[in-house]
Amino acid sequence: MDSEDTFGIYRRFGFLYSRVLLSKQDELRRLEDDLDAMDQRDAHDSDKTRKCLKSRAKDFARESSDGSPTRKALLQNVESKLYDYGRILLQAQQMVSLNKPADRDHLSVQRFLESGYEDNGQKLRPLMEGDNEFIYRKEDL
């Protein structure tokens with residue numbers, strides 16, 4: 001398949017990118033809900049907790065009294081998840097923007113994978129049975 005530049009046909013795994021992104025999106029939504037709930041609790045609690053909403057230094061210095069994560073820990077978790085989500089989202093967008101193979105190139109590679117080639121009079125297949133299934137997922141190439 002490396003004999004011709006246009007024969008470098010590989011899967012994009014669009015379905016898997018979508019599943020992973022939806023999962024990451026849901027994780028972020030839950031963290032966003034947790035952060036909103038924390039803000040609401042602090043806004044309606046004592047004067048001391050309301051001050052934490054106005055001062056990052058006071059908020060980050062505060063210890064959690066009930067064992068739940070502090071705002072600092074929650075924001076660090078959000079940052080990490082956002083970074084992963086953004087990285088994967090950009091990768092997925094790059095994969096989608098790659099040129100799809102021309103019909104004739106796709107057909108040439110498909111025929112090569114199905115019929116194989118001869119070497120010293122012996123009929124050989126470039127891939128093991130089942131490993132060539134990707135070529136039939138044209139929408140994902």
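A pocket, on a 1 Å grid over the protein atoms alone, is an open set of points where a 1.4 Å probe fits, with protein on both sides within 12 Å along at least five of seven lines. This is a predicted model, in which local features need pLDDT of at least 70 and side-chain atom pairs count only at pLDDT 80 or more. Residues are numbered from 1 along each chain.

**View 1. The second largest pocket.** About 230 Å³ of space lies here, counted as the space filled by probe spheres set on the points. The lining has 15 residues (an atom within 4 Å of a point). Gly-8, Ile-9, Asn-99, Lys-100 and Pro-101 lie nearest the centre. Seven lining residues are nonpolar, three polar and five charged.

**View 2. The largest nonpolar core.** Six residues form this core: Ile-9, Val-109, Leu-113, Phe-134, Ile-135 and Leu-141. Such a core joins buried residues through side-chain atoms within 4.5 Å. Beyond four places in sequence, Ile-135 is in contact (heavy atoms within 4.5 Å) with Ile-9, His-106, Val-109, Gln-110, Leu-113 and Leu-141.

**View 3. Asp-105 in helix H5.** The helix (a DSSP run of H or I, at least four residues) spans residues 103–115. Asp-105 counts as buried because its relative accessibility is 8%, and buried means under 20% with a 1.4 Å probe. Its side chain makes a polar contact with that of Arg-104 at 3.1 Å; the cut-off for such N or O pairs is 3.5 Å. Asp-105 also touches Thr-6, Phe-7 and Ile-9.

**View 4. Tyr-10 before helix H1.** Tyr-10 sits in the segment before H1 (14–44). Tyr-10 is exposed, at 56% relative accessible area; exposed means over 50%. Leu-141 is 131 residues away in sequence, yet 5.6 Å away in space, C-alpha to C-alpha.

Key
Heavy atoms only, no water. Helix = DSSP H or I, 4+ residues; strand = E, 2+ residues; numbered from the N terminus. Nonpolar A, V, L, I, M, F, W, Y, C, P; charged D, E, K, R; others polar. Polar contact = N/O pair within 3.5 Å; in protein donor to acceptor, adjacent residues only side chain to side chain.
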